[in-house]
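User: Could you walk me through this model, and tell me what stands behind each term you use?
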Amino acid sequence: MPELLLTSEIDRARLVKLASNENPLGPSPRVLEVLSRSQTLVSRYPDPSGFELRHALARQHGLNPEQVVLGNGSSEILELLAHAFLSPGTSAVYSQYAFIVYPIVTKAAGARGIEVEACGFGNDPEALLNAIMEDTRILFIANPNNPTGTLLAPDLLLNLIQQIPQTVLIVLDEAYFEYLSAATAPRSVEWLDKFPNLLIARTFSKAYGLAGLRIGYALAHPSVANLLNRIRQPFNVNAVAQAAALAALADKDHLEQSIVANQAGVSQITHGLQRLGVEYIQTHGNFITFRVGNAQLIQRGALGRGVLVRELDNYGLLEYLRVSVGTADENRRFLQALENLLPMAEPA
Ligand SMILES: *Cc1c(COP(=O)(O)O)cnc(C)c1O
């Protein structure tokens with residue numbers, strides 16, 4: 001673990017963590033208020049149906065509560081999907097550089113993963129469609145994609161969904177949806193009506209700032225939602241997370257502030273990278289993937305300077321690193337560390 005390079009607990013506390021795409025502003029003050037009163041929740045099991053939160057989410061999205069499934073992070077939703085739809089003798093399709101959890105849950109279910117070559121670091125709709133086999137049960141699409149930040153334009157995405165056979169569940173992972181603008185955001189929730197084989201995964205971990213509480217959700221056709229609800233653990237989402245998520249949903253101002261702060265941070269970091277002559281992939285999320293040659297050396301060096309960024313070797317992106325947008329000060333510290341380290345990391 002790279003953390004071992006830190007010499008003391010004090011170093012650890014001061015560490016600027018820009019490796020997991022969390023919200024640098026933290027959660028809404030309304031969430032903090034709920035947390036301060038949450039002691040009474042601890043000794044009781046949570047509501048196994050997540051009634052209030054499911055109803056609030058259904059209202060927000062204009063759906064029926066039967067179409068909402070809560071998960072212990074949207075990662076659990078992805079796991080449940082693999083349990084429900086994949087097994088030996090079936091396959092799942094996903095793009096090169098797509099979120100690493102897709103191959104993990106696919107292989108854990110004993111199914112075959114079909115990785116499709118990316119186009120411009122993102123989903124190639126035609127190649128994804130062509131990769132679908134007789135035995136394919138799930139198509140995973142992260143949009144925006146993590147770790148590359150790419151976005152498949154709404155019209156291309158809809159066109160792809162229209163061509164996917166009904167026997168394939170389309171898992172549209174929108175963990176970074178909140179960061180999209182009116183111009184770039186697909187009206188994906190409205191598509192649920194027309195495509196019973198579409199499922200949308202969302203999370204409270206990113207823009208809502210609740211990563212540590214572990215809560216995400218799926219929006220789907222009632223029959224798919226019902227299937228997931230039958231195989232999940234009854235108490236999969238803890239009581240504090242349910243209460244916090246309800247409070248987070250109610251604070252539109254904090255969400256808006258978080259989005260505005262993210263835009264400023266993206267601009268700060270990309271301008272910094274341009275100034276340093278560092279190549280990067282245009283992002284639609286709250287993180288930026290950039291090219292540095294000897295990525296491991298830069299990652300270690302940055303850690304030594306108290307800044308943690310993400311290596312992407314497990315994605316086959318050996319010369320790249322991913323930095324999450326932090327506060328203005330954290331972004332500055334990242335850029336400063338990078339500037340000092342770059343001369344040591346010229347590509348071989
Ligand atoms: C962060 C992330 C998730 C899930 O996060 P959870 O904390 O498990 O909700 C899902 N998909 C993508 C693409 C992500 O980046």
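User: Which strand does strand 12 pair with over five bridges, and in what sense?

Analyst: Happy to start there! This is a predicted model, where local features need pLDDT of at least 70 and side-chain atom pairs count only at pLDDT 80 or more, while totals for chains, interfaces and linings use all residues. Residues are numbered from 1 along each chain as its sequence is written, and side-chain values use heavy atoms, with hydrogens and water left out. Strand 9 (residues 287-291) is the partner, antiparallel to strand 12 over five bridges. Strands here are DSSP runs of E, at least two residues long, and helices are runs of H or I, at least four, both numbered from the N terminus. Two strands pair if DSSP finds at least two bridges between them. Within this pair, F287 stands opposite S324.

User: What makes strand 11 a partner of strand 12?

Analyst: Two bridges join strand 11 (residues 310-311) to strand 12, and the strands run antiparallel. The definition asks for at least two, so they count as paired. R310 has R322 as its bridge partner in strand 12.

User: Why is strand 12 called largely enclosed?

Analyst: Five of the five residues of strand 12 (residues 320-324) are buried, so the rest of the structure largely encloses it. Buried means under 20% relative accessible area, exposed over 50%, and partly exposed in between (1.4 Å probe, protein chains only). Y320, R322 and S324 point one way, L321 and V323 the other, and all are buried.
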